[in-house]
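Please look through the structure shown below.

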Amino acid sequence: MAPRLDFSSWWTKDTQNGTPVVVKMENPSFSVVEINGADAAFRPIEKNRGKNAKQVTWVLLLKAHRAVGCVTWLVTVLWELLGAIKKRLVQRQHGVAVEKGKLLFRVISVFLVISLAVLAFEVVAYFQGWHFVNPNLHIPNTSDLEGLFHVAYVAWLTFRAEYIAPPIQALSKFCVVLFLIQSVDRMLLCLGCFWIKFKKVKPRINGDPFKVNDVEGSLCNYPMVLVQIPMCNEREVYEQSISAVCQIDWPRDRLLIQVLDDSNDESIQWLIKAEVSKWNQKGINIIYRHRLVRTGYKAGNLNSAMSCDYVKDYEFVAIFDADFQPNPDFLKKTVPHFKDNPELGLVQARWCFVNKDENLLTRLQNINLCFHFEVEQQVNGVFLNFFGFNGTAGVWRIKALEESGGWLERTTVEDMDIAVRAHLNGWKFIFLNDVKVLCEVPESYEAYRKQQHRWHSGPMQLFRLCLPAILKSKVSPWKKANLILLFFLLRKLILPFYSFTLFCIILPLTMFVPEAELPLWLICYVPVFMSILNILPAPKSFPFIVPYLLFENTMSVTKFNAMVSGLFQLGSSYEWIITKKAGRSSESDLLAAAERETKSIEQQKIHRGVSDSELVELHQLKEHKEAATEPVKKVNKIYKKELTLAFLLLTASVRSLLSAQGVHFYFLLFQGVTFLLVGLDLIGEQMS
């Protein structure tokens with residue numbers, strides 16, 4: 001026992017023999033005290049001294065009140081959570097969401113049923129004292145139920161160790177190797193990004209490409225640029241995107257804006273036509289195109305627009321999706337890179353999001369997309385002069401599009417398709433990280449889920465189609481290896497495969513098969529480290545690192561299902577569903593404030609310059625706008641695969657609790673709760 005360092009008895013032992021001291025002062029401001037021994041105030045006080053029964057009762061009541069308050073708070077939180085779940089379930093109209101991966105759902109359901117049966121078996125064995133203890137291999141003499149259960153448990157242990165554990169262990173080792181390879185790739189990308197930041201490497205423009213000595217011929221130095229805005233039933237965002245593009249600072253006689261409307265809703269068509277007409281009257285060179293035969297989705301729309309005769313007069317084409325709002329200096333920051341660089345085929349700008357802080361779902365998307373642009377796109381652009389075209393916020397050399405075969409309708413990722421074909425034809429790409437274009441990310445899980453399905457099924461479908469062309473191309477073996485091993489296999493196929501297989505299937509199974517246990521560093525340390533690397537480009541999102549890690553594992557179900565459907569060309573890989581947008585306004589939309597102030601003046605000018613038939617159309621448009629403002633009831637859905645996996649992971653967490661595996665239990669518990677919240681559509685906004 002450690003010695004007590006209490007010397008109070010030593011220095012108070014002889015104080016009784018001291019001489020009394022009297023202190024006197026003239027006009028004292030305090031009392032005169034005579035010290036004769038130690039003051040009783042500094043002596044140890046008994047704990048129960050001075051307390052009567054009434055005081056003890058009040059202390060106990062105060063402690064009880066605090067305990068009741070804590071319990072009440074926990075009950076309130078749980079009640080609000082259950083109320084939110086009940087409200088979502090009651091308000092839903094369309095019931096269970098349409099599931100595309102029925103086979104995957106059946107497989108997960110089988111795993112769940114087996115895990116529940118094994119869990120019940122293990123719980124009984126645990127209470128019998130056989131858990132993690134070598135049971136008596138001798139068959140009991142008794143023939144009662146307990147003896148038969150003992151025999152069955154011994155047979156289960158033997159079967160588990162000899163037949164179930166080896167294949168699980170082999171599959172887990174394979175996934176671990178893939179996981180480590182992908183982690184090394186992420187680390188190399190991050191190191192490349194750090195090197196770019198340290199050396200301040202970025203594409204630069206030499207001099208002023210638009211400055212000429214002859215003032216009269218200064219406009220001739222501006223190339224002819226075509227701007228395309230493909231859209232389809234974009235009621236929420238058409239107005240702000242068209243207005244932002246029409247404010248681009250570029251000579252009007254050297255700029256043409258095409259609004260490529262594929263809407264099948266006549267009311268939306270009228271609204272877009274009116275917006276185009278308004279800007280046309282202001283002197284903007286803008287036209288409206290609507291296809292009668294709507295095939296090929298966005299690729300068919302762009303291909304139809306490029307077939308116009310007047311396109312041959314233009315040298316470059318800039319593409320913006322309906323929710324993108326470029327700054328007025330966008331073309332002046334991108335087009336000059338093409339000058340004196342005839343091998344350059346694409347200049348890609350970075351996305352920036354107006355609604356990144358809208359809810360938890362948008363914050364998590366912002367983390368992923370920031371890493372994609374600042375790390376993946378920037379590093380590949382600097383070191384390889386190649387990356388996947390993002391489909392919007394980019395400028396193409398029209399000659400590069402034509403020589404590469406133009407827009408093809410064979411996949412749902414036409415942007416990646418044209419980028420791969422242009423790269424095989426020798427064209428180079430540039431990524432501008434400092435040129436940002438405002439846009440939106442999906443605010444509902446339903447919209448985000450459909451977007452991710454298209455983004456992960458399309459590349460696998462494209463890989464099947466492009467593999468022969470890549471092998472037969474004349475590019476260097478290094479570029480072929482980069483396309484096949486890194487661009488397609490590692491980052492598009494391996495990532496969703498091991499993420500789903502390792503953390504959603506193998507890890508729960510190892511709880512029921514302890515012989516194939518996964519190491520702690522694989523469950524905890526490496527995933528946390530990789531999540532930190534992913535979140536570095538968005539440092540303000542560090543408080544969301546744990547939800548990000550859990551949500552990424554949850555999304556692996558959708559990505560794995562999409563990858564399989566694209567690789568084997570299932571029906572869902574050909575689906576194109578427009579991502580639902582909210583129409584969030586941005587600070588860079590300079591037209592909004594001006595229109596609020598001059599709305600009445602503009603209306604008068606429009607009415608003076610239009611005919612009677614156009615006035616009728618304007619009145620119809622007003623009616624359509626009023627009808628569009630009517631509130632639409634929002635609904636939620638239930639996702640069966642996510643819910644089934646939630647119950648599977650929670651069952652495995654209970655099994656890990658029996659085996660006293662702390663980290664595994666917490667990971668499975670939190671991951672199961674995350675699957676439960678996503679399966680009940682409790683993340684993000686609701687779909688209307």
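In the largest nonpolar core of this predicted model, which has 87 residues, Ile 242, Leu 331 and Trp 396 touch the most other members. A nonpolar core is a set of buried Ala, Val, Leu, Ile, Met, Phe, Trp, Tyr and Cys residues joined through side-chain atoms within 4.5 Å; buried means under 20% relative accessible area, exposed over 50%, and partly exposed in between, with a 1.4 Å probe and protein chains only. Strand 7 (residues 428-439) gives this core its largest share, seven residues. Helices (H or I, at least four residues) and strands (E, at least two) are DSSP runs, numbered from the N terminus.

**Basis of the values**
- Residues are numbered from 1 along each chain as its sequence is written, and side-chain values use heavy atoms, with hydrogens and water left out.
- The model is predicted: local features need pLDDT of at least 70, and side-chain atom pairs count only at pLDDT 80 or more, while totals for chains, interfaces and linings use all residues.

- Leu 331 touches Val 225, Ile 248, Trp 250, Leu 255, Ala 318, Pro 336 and Val 395, residues up to four places away in sequence not being counted; contact means heavy atoms within 4.5 Å.
- Another core, of 56 residues, lies apart from the largest one and has Ile 494, Phe 503, Leu 649 and Phe 667 among its members.
- In soluble globular proteins, nonpolar side chains tend to be buried together.

**The protein as a whole**
- The protein has 20 helices and seven strands.
- Of its 688 residues, 47% are buried.
- Among contacts between residues at least 6 apart in sequence, 82% join residues at least 24 apart.

**Helix 5 and helix 11**
- Helix 5 (residues 238-246) is largely enclosed by the rest of the structure, because eight of its nine residues are buried.
- The buried residues of helix 5 include Tyr 238, Gln 240 and Ile 242.
- In helix 11, eleven of eleven residues are buried, among them Glu 414, Arg 421 and His 423.
- The cover over helix 11 includes helix 7 (297-306), strand 6 (394-397), helix 10 (398-403), strand 7, helix 12 and helix 13.
- Gly 426, with a positive phi near 95°, follows helix 11.

**Helix 11 against helix 12**
- The axes of helix 11 (residues 414-424) and helix 12 (residues 445-472) come within 11 Å and cross at roughly 20°. Axes are lines fitted to C-alpha atoms, for helices over the stretch in contact, and angles run from 0 to 180 degrees between N-to-C directions.
- The two helices are therefore roughly parallel to each other; angles under 35 degrees count as roughly parallel, over 145 as roughly antiparallel, 65 to 115 as roughly perpendicular and the rest as oblique.
- Residues making the contact include Met 416 and Val 420 of helix 11 and Leu 462 and Cys 466 of helix 12.

**Single residues**
- Thr 510, in helix 13 (residues 477-512), is buried, with a relative accessible area of 2%.
- Leaving aside neighbours within four places in sequence, Thr 510 is in contact with Ile 168, Ala 516, Glu 517 and Leu 518.
- Glu 685 lies in the segment after helix 20 (662-679) and counts as partly exposed, at 32% relative accessibility.
- The C-alpha atoms of Glu 685 and Glu 358 are separated by 9.2 Å, although the two are 327 residues apart along the chain.

**Cysteines**
- Zero disulfides are found in the whole structure, a disulfide being a pair of cysteine sulfur atoms within 2.5 Å.
- Cys 308 counts as buried at 16% relative accessibility, and Cys 524 as partly exposed at 25%.
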